[in-house]
Amino acid sequence: MSPVLSSSKPAGFPIRRAPFSSASLFPVCPDHSPNTRTSERAPLHDPGSIVPDGISNSGGSDCPPSAIPVPCGDPLRNAQDFRKDAVLVAKDAVPGAAPDRAAPLVGIARLASISPAAPTRRTSDQRPEYFLLPVKSILNKCESGRVPFDWTINPYRGCEFACKYCYARYTHEFMELDGLAFEKKIFVKKDAAVLLTREIATKYSFAAGRASVPEHICIGTATDPYQPAEKEYGVTRACLEELARHNGLSVSITTKSNLVTRDIDLLQEIAKHSRLYVDITVTTLRPRLARLLEPRAPRPDLRLAAIRKLRDAGISVGVLASPLIPGITDRDGELESLAAAAKDAGALWISSGVLFLMPSSAKQFLPFLREKFPRLTRQYQSWYSQNAYAPEPYRQKIAARLARIKSQLGFCFRPWEELTHPVAPAPQLSLAL
């Protein structure tokens, strides 16, 4: 049992098993809320130091912008827009500064403001601050027709991996927090599995449309479900325990962490009765570069080892080589070597997409670029100053390059196409007479 659901093993914070009113869970104490804290407990130091909403939405904070390379090896897409209107912070806002308190907080911002600090066993000064978020929903509808999933599950808000390019920083702005706090203030979604039990029964369709295809659930679209918080709070495992109780689901998981192998038992159980895919994100094989770009994520070799372990356990797993960062991870032979290593590890598919920068991401990535890769500053200003996307000819070139790599290495498995078919029933066991 996950510590989130277990009554015999304490999880470190109180657990409620019934639906609740989030308004009455905690007193409103704005003076102690993450929205008004000005002292940051977990400043990030040198990148070389070693160490995934709540409200159902339509294309909201849990549904990724349409340009994101989607899970399950989806090919590069040419989306025309993304939710720029979701960016709430002013261009000249001071990072971490409290929002204007003249207007009352509403929605997820109000829930964040009443979230108490979550107990943690971690004592390092580098740890983030954890909060217990009293969410109203865990299964969130994604209305975008540009991604192959219908629902998202993000067990946490914020992510400690602190990837410099992370698009999902804008999700903290829904809570009236600056995007730079994305890796410093992590919100743990309380009672996630309890909510999921109810929502699978009331919201999810096991046989949608004429083809009787189950709706697809993607875990980890806006935060990594296996970030370090998962070791303490077990929200992801609790959700998997609930999914394992059902037949005929369609589920995928996206992560950078080898911690996913901890849950092989549940993944195998889900795969027996439902469709399941796991995407492991690997942006580069170079460990020093990976530490620069993804300061607190597991090393690339650990992710490749996780792919091997998952494949040995019979789990369908592929590699998400995204984002491909112009001038940094796109040099000749690099994507080819990454794909070859993924194939050698047993990956069944590979997909990739070029970096795109929402304003909240650019605030973090562009200063990093000027410091570490100053020679690229002019190119990025030309490409990204007026557009979140790299130029179309460059993206088409990368898509063609990836297609050649797939053909040469024999990556022919296309899981995203299987999402359009019904889930095959599990074979019946023959009885020995």
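Over which residues does pLDDT stay under 50, and how many contacts beyond four places in sequence does the model have for them? Okay, that's residues 66-99, with 91 such contacts, where a contact means heavy atoms within 4.5 Å. pLDDT, by the way, is the predictor's confidence in each residue, from 0 to 100. Residues 426-433 also sit below 50, and that stretch has 2 contacts beyond near neighbours in sequence. Where pLDDT is low, the predicted coordinates should not be read in detail. Across the chain, the average is 80, and 73% of the residues score at least 70.

Quick housekeeping. This is a predicted model, so to speak of local features we need pLDDT of at least 70, side-chain atom pairs count only at pLDDT 80 or more, and totals for chains, interfaces and linings use all residues. Residues are numbered from 1 along each chain as its sequence is written, and side-chain values use heavy atoms, with hydrogens and water left out.

Now, the sheet. Helices (H or I, at least four residues) and strands (E, at least two) are DSSP runs numbered from the N terminus, and two strands pair if DSSP finds at least two bridges between them. Here 3 strands make an open sheet, ordered S1-S5-S4, with mixed pairing. S1 (129-133) and S4 (156-157) are the edge strands, each pairing on one side only. S1 runs parallel to S5 (residues 185-189) over 5 bridges, and Glu129 has Lys185 in S5 as its bridge partner.

On to helix H4, residues 192-202. Its buried residues (under 20% relative accessible area, 1.4 Å probe, protein chains only) include Ala192, Val194, Leu195 and Ile200. Among the elements covering them are S5, strand S6 (216-219) and helix H6 (235-243).

Last topic: rings. There are 15 aromatic pairs; rings of Phe, Tyr and Trp (its six-membered ring) pair if their centres lie within 6.5 Å, with planes under 30 degrees apart called stacked, over 60 edge-to-face, and the rest tilted. Take Tyr277 and Trp349: their centres are 5.6 Å apart and their planes at 90°, so that's edge-to-face. Tyr277 is in strand S8 and Trp349 in the loop between helix H10 and strand S10, so the pair ties together parts 72 residues apart in sequence. Both are buried.

Then there's Trp383 with Tyr394, at 5.0 Å and 55°, so tilted. Trp383 belongs to helix H12 and Tyr394 to helix H13. Tyr394 is buried, at 13% relative accessible area. Finally, ring pairs link Tyr167, Tyr170, Phe174, Phe356 and Tyr389 into a cluster.

Key
Buried means under 20% relative accessible area, exposed over 50%, partly exposed in between (1.4 Å probe, protein chains only).
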